[in-house]
Amino acid sequence: MKTTLIKTYALCLLMGTMLTNCKKGDAGPQGPAGTNGTNGNANVKSTTASNVVWVYSDPDYVTTINVPAITQDILSNGAVLVYINVQGDVYQQLPVTFYPTNSYSETYSVECFVGGVRIYVTDSDLLKPVNQPSNSFKYKIVTIAGSGRIKSVDTKDYKEVANTYGISE
């Protein structure tokens, strides 16, 4: 019995010593400085697509562009912005309607899904056009995580989006 009491006392003394010798929050030495990363925003990704393949599916021409950065979280909490470049360095956000004549128009619209986007081209007369949409157009797809969204940005202006989020051409 006396031996058990001495062992218990010794164990309590040892535990008390161990628990009081360290203070929470003691910092170690400063580590070496890291390398500079590239400019940009980890919450924003951009991809460019061109030479897309169009398939006619009455009444639209449709193309699918794979964009792995589009996740369910991006769709639920963030943003997917799709732009078309038809001339020079000017990009227009989809949906957009072009008017080749006063009585006829082509509308480019977009559907986003996990893993990609579908772009639809629909003519105002809902008939199959003689020619498919141009393959010379470029498309920019920008994904923004919910935590990276800046509400004051005019998302219709691609240059403002690119400058604000550090997207390089």
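Let's start at Ile 119. Leaving aside residues up to four places away in sequence, Ile 119 touches Trp 54, Tyr 61, Val 62, Thr 63, Ile 65, Val 82, Leu 94, Tyr 108, Ser 109, Val 110 and Tyr 139, where contact means heavy atoms within 4.5 Å. Bear in mind that this is a predicted model, in which local features need pLDDT of at least 70 and side-chain atom pairs count only at pLDDT 80 or more, while totals for chains, interfaces and linings use all residues. Residues are numbered from 1 along each chain as its sequence is written, and side-chain values use heavy atoms, with hydrogens and water left out.

Ile 119 also turns up in the largest nonpolar core, a set of 21 residues in which Trp 54, Ile 65, Tyr 108, Ile 119, Tyr 139 and Ile 141 touch the most other members. Such a core is made of buried Ala, Val, Leu, Ile, Met, Phe, Trp, Tyr and Cys residues joined through side-chain atoms within 4.5 Å; buried means under 20% relative accessible area, with a 1.4 Å probe and protein chains only. Strands E3 (60-66), E4 (79-87), E8 (116-123) and E9 (138-144) each give two or more residues to this core; strands are DSSP runs of at least two residues, numbered from the N terminus. Apart from it lies another core of 13 residues, including Ala 79, Leu 81, Tyr 83 and Tyr 91.

Now follow E3, where 5 of the 7 residues are buried. A hairpin of 2 residues links E2 to E3, and E2 (residues 55-57) pairs with E3 in the antiparallel sense over 3 bridges; pairing takes at least two DSSP bridges. Val 55 has Val 62 of E3 as its bridge partner. E3 also runs antiparallel to E8, joined by 7 bridges, and Tyr 61 is bridged to Val 121 in E8.

Conventions:
Buried means under 20% relative accessible area, exposed over 50%, partly exposed in between (1.4 Å probe, protein chains only). Helices (H or I, at least four residues) and strands (E, at least two) are DSSP runs, numbered from the N terminus.
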